[in-house]
Amino acid sequence: MSENVSTRFTKSVLGIDTNARYAHQPQDLEDRARAVLGSTDIYAEEEPTVTEWLSELVPTKSGAAHYLRSLFPSAFWIQRYNARWLLGDVVAGITIGLVVVPQAMAYAVLAGLTPAYGLYTSFTGAILYWVFGTSKDIVIGTTAVGSLLVGQVVGRVKANNTSGSTSQEVAHTLSLLCGAVLLFFGLFRLGWIIEFIPYIPISAFVTAASITIMSTQIPTALGITGIDNHAPPYRVLIDTIKALPNIQLDAAIGISSIVLLFAIREFCSHMESRQPAHKRAWTFASSLRLTFTMLLFTLISFLVHGRGDKIIPKFRIVGPIERGFQEIGVPRPSMALMQQVLPELPAVAIILVIEHIAIAKAMGRLYNYTVNPSQEIVALGGANLLSPFVGGYVCTGSFGASAVLSKAGVRTPLAGVFSAMMLVLALYALTGVFFYIPKAALSGLIIHAVCNLITPPKNLYKYWQLSPLELLIWVACVALAIFQSLDYSIYLGVGLSLVLLLVRVARANGGFVGVARARRVPREVDDNVSKLARDLITTKDVFIPFNRQDSSNPAILLETPYPGVFVYRLHDSYNYINQALHVDILQTHLMENTKRTSDEEYEHESDRPWNDAGPRDKLLSQHLPYLRALVLDFSAVNNIDITSIQGLIDLRNLLDRYAAPDTVEWHFANVQNRWTRKALATAGFGYPTSQNPEALSKWKPIYSIAPITDEPVPAQNGHHGRPFASSSDEENRACPSFSRSTTTLENAVENAAISAVDRPFFHLDLHDAVDAAVRDARQKDRSDSI
């Protein structure tokens, strides 16, 4: 009673008739089904509701508990920690510590900070990641790309700085904001958003960043001063070439360090192939080449300069470094500084996340485990949020360091704690040694580390083979970074990739398909099984595009399912972007290949609309069939919107006028989404219309049934299924063919309708949809001929 009252209220006051969408649906659909199926159980579709959707969003107690447990992955494995794991983690942690120390110091220079800040940054990632991370092979710390971005942000903010903030304060503020944003995305499990950033812009950015880094380090490696490292890379290279006559003694150290690093790498790689039994030892030796080179040139610098309070450097050295965590404390960024840093935040955050997730997924594939992107973002956000408190700047997963860690025999993420101990040792015991490190050697180390990040030509050729347009995007991004700015290149790449995606969606047309009579032929072998297989060879109907733009043999004979029945397959999603294209293709093809059911009646020719060219010559169209049915294959469609539905409604109205007094049947195959089915049904699709009693009387429904059981066989994802028929059941299998066999119902009590009987035009698959359309079209032709 209350429901009727609310219905009358909404209709009289708001003008909303909640039952209007059922006005064109025949009321006897269930009665018709019972008449055909007899005692077989029927099934009526239960449409989804907004309340049901909202209830799915409400967290449950078990879901909340699972979420809290997932925030601390370490709780799942720390209880099983053992001595063998400890030994592997200690060795791997010490190894990576020896690699990270010189690397972090070198990358801090890229950020425009002193080398100690690189050690602060690497410490936070190492000490925190094991608690929240889901990969055992990841090393969070300083990276070349991240440090370069920080250096550029620091340079731009200081150039426009009105508050007098130092480079350290700018770097700390950037890390604090990045950490807060990333932690928010991670806690709310929004890691899927990073999938909007395609691979090509990232590849181009990494290559452009490597070129930019090398261009900024070449002057330092050669001892050339006075070069603006914040200028575009092409300008830096031109200025460096002009200043070549001014090279200093630093060039000997810089060039020799680069040569030595490459020589050690190539020698170890050669020995790995020559001595496979000692491959791990040579890999370990290669991973320590950075540490060895840095110690060697530090020793040379010490021998050249000696001890003393007043040292006159023969070449530029790092100089004094304060001992311990001198910058530890609570960061207090001003509001003005935060406003200046915020515009720089998107590019930095995007690169940090993409770089980290790419490494984590690569390591997971390599060592057969899965990573949780959202949880990785939690770990990354926590590390960046903590970093300013100990004096560090932004950090993310490091390609090189992670590769070394994975090859060093790491067993769990706890190895990061032991590498953090090495960083603490360096900060408290080795700062006196760091004084003598040549800056040219640090630049050589950076150049050597980033040159491997440049995309090789073979990969570019692969891009060309996979997608030429995306290669052009790659070239445009790299060119913009070289001649303009690095951060603009990531925006350009993402923007062009999204434009390309939208264009592909907008122009993703469908195609009409025909039927080919196919049969499967097994290999001939003289045994009883093969003899039985030969006896069971039957034909089946397969659907192939008429335009032959697929991989099928163009010589195969294609037929229409039945005169006046057309099958249209959507190759991609159906939405407001491409609905006009699909509607135009459907309308043009259907009207060109059919004739009107009845002649148009105009009292005067001048009554014809100005855009109507009039009927075709009857001699040209007399061989064409009447339009009976349209079958849409929605296997590639998941969601549908109002604009696209309105396009179908407009086309249906047009075709109904074209086929009057008959009604064109619309059959849909493979509509899986319940909300899409509801939307189509609300628009009047999925069932015959009650507005045309004559057409409704000619409709002969057909239903698909299947056995039911009280003990369903459990299957994956919570669904139920039954095993495939065994070989002994082959004799009972019959290959379906359109309208060639009648259905007999045996043991009807044990069967039930598979699909909803109140949505008879929504079919399980394309074969069922075409079969139903052909049956109805044949029935109409028989009725018209009587």
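Visitor: In which loop does Thr 142 lie?
Guide: This model is predicted. Strand β1 covers residues 140–141 and helix α8 covers residues 144–159. Thr 142 lies in the loop between β1 and α8.

Visitor: Is Thr 142 buried or exposed?
Guide: A residue counts as buried under 20% relative accessible area. Thr 142 has a relative accessibility of 3%, and therefore it counts as buried.

Visitor: Which residues have the most contacts inside the largest nonpolar core?
Guide: The largest nonpolar core has 109 residues. Helix α16 (residues 345–367) gives the most to this core, with twelve residues. Those with the most contacts inside the core are Leu 174 and Tyr 393.

Visitor: Which residues does Leu 174 touch, not counting residues up to four places away in sequence?
Guide: With those sequence neighbours set aside, the list for Leu 174 includes Leu 345.

Visitor: Which helix gives the most to the lining of the largest cavity?
Guide: The largest cavity holds about 110 Å³ of space and is lined by 13 residues. Both α7 (115–132) and α19 (415–429) supply at least two residues of this lining. The element that gives the most, with four residues, is α7.

Visitor: How do the residues lining the second largest cavity divide into nonpolar, polar and charged?
Guide: The second largest cavity has a volume of about 60 Å³. Its lining includes Tyr 568, Leu 570 and His 582, and helix α26 (residues 579–592) gives the most, with three residues. The lining divides into eight nonpolar, one polar and no charged.

Notes
Residues numbered from 1 in each chain as written. Predicted model: local features only at pLDDT ≥ 70, side-chain atom pairs only at ≥ 80, totals over all residues. Heavy atoms only, no water. Core = buried A, V, L, I, M, F, W, Y, C linked by side-chain atoms within 4.5 Å. Buried < 20%, exposed > 50% of the residue type's maximum accessible area, 1.4 Å probe, protein only. Contact = heavy atoms within 4.5 Å. 1 Å grid on protein atoms, 1.4 Å probe; cavity = no way out; pocket = protein on both sides within 12 Å on 5 of 7 lines; lining within 4 Å. Points joined across faces, edges and corners; volume = space filled by probe spheres on them. Nonpolar A, V, L, I, M, F, W, Y, C, P; charged D, E, K, R; others polar.
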